[in-house]
Amino acid sequence: MSETFITKPTGENMKKIEDDLPREVISEKVDFTKMNLISTHICKTSDIGFHGNLFGGQLLAWLDEAGAALSAEFAETGRIVTKYMSEVNFQSPVRPGQIIRIYGCVKKVGRTSLTIAVEARRRSIYNGTQKPVCKCDMVFVRIDGDGDPVPIPPHIHYKFKKQQSLLPDNEKK
């Protein structure tokens, strides 16, 4: 089986590709410094704990998966692992049939890691309102094939700084 390697286009070739793609496909156009929808889940009866609410461990797994997806997309690599998850305070219960939306943003880019914020919200299918369920900070580390940390490439740092510079002063951290 042969492998196909795709190189990242630059210059005029990238401009041509950008013109041909819908805007949401081009990751450089996504502002990762603001909360973006990462994933949506429906609470099923198989996700329910003893007291009739969503099992906390299931929600933690969804947060970890969403955080990894956001980090991998931002760092432009699938080689990313969870290092840390801050305290999670469950603010409101989730019942079977309710929809959970997970939002996230990049807060910091380190030498080998990304710090992101994730937030789960319960969305009403009847009136469209959303209630916070929980939120936390997570750290993901970029790794090589042996599982050792490797530096985040300079263009990723540049992308983050560029997006940070577009934020109003009161949103910068």
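Predicted model: local features only at pLDDT ≥ 70, side-chain atom pairs only at ≥ 80, totals over all residues.
Modeller: Residues are numbered from 1 along each chain as its sequence is written, and side-chain values use heavy atoms, with hydrogens and water left out.

Biologist: What makes β1 (36-42) and β2 (80-85) edge strands?

Modeller: The open sheet has five strands in the order β1-β3-β4-β5-β2, with antiparallel pairing. Strands are DSSP runs of E with at least two residues, helices are runs of H or I with at least four residues, and both are numbered from the N terminus. β1 and β2 each pair on one side only, and they are therefore the edge strands.

Biologist: How do you know that β3 and β4 are paired?

Modeller: Two strands pair if DSSP finds at least two bridges between them. Strand β3 (residues 99-109) and strand β4 (residues 113-123) are joined by 10 bridges, so they meet that definition.

Biologist: Why is Ser71 called buried?

Modeller: Buried means under 20% relative accessible area, exposed means over 50%, and partly exposed lies in between (1.4 Å probe, protein chains only). Ser71 has a relative accessible area of 0%, so the residue is buried. Ser71 belongs to helix α2 (residues 56-75). Contact means heavy atoms within 4.5 Å; neighbours within four places in sequence aside, Ser71 is in contact with Ile80, Leu114, Ile116 and Phe140. Other buried residues of α2 include Trp62, Leu63 and Phe74, and the elements covering the buried residues of this helix include β5 (130-142) and α3 (154-165).

Biologist: What makes the span of α2 close to the expected value?

Modeller: The expected span of a helix is 1.5 Å times one less than its number of residues. With 20 residues, α2 reaches 28 Å from its first C-alpha to its last, close to the 28 Å expected. After α2 comes Glu76, with a positive phi near 55°.

Biologist: Why is Lys107 called partly exposed?

Modeller: Lys107, in strand β3, has a relative accessible area of 30%, which falls between the two cut-offs, so the residue is partly exposed.

Biologist: What makes the pair Lys107 and Asp137 a polar contact?

Modeller: A polar contact is a pair of N or O atoms within 3.5 Å; within protein, one must be able to donate a hydrogen and the other to accept it, and residues adjacent in sequence count only if both atoms are side-chain atoms. The side chains of Lys107 and Asp137 make such a contact at 2.9 Å.
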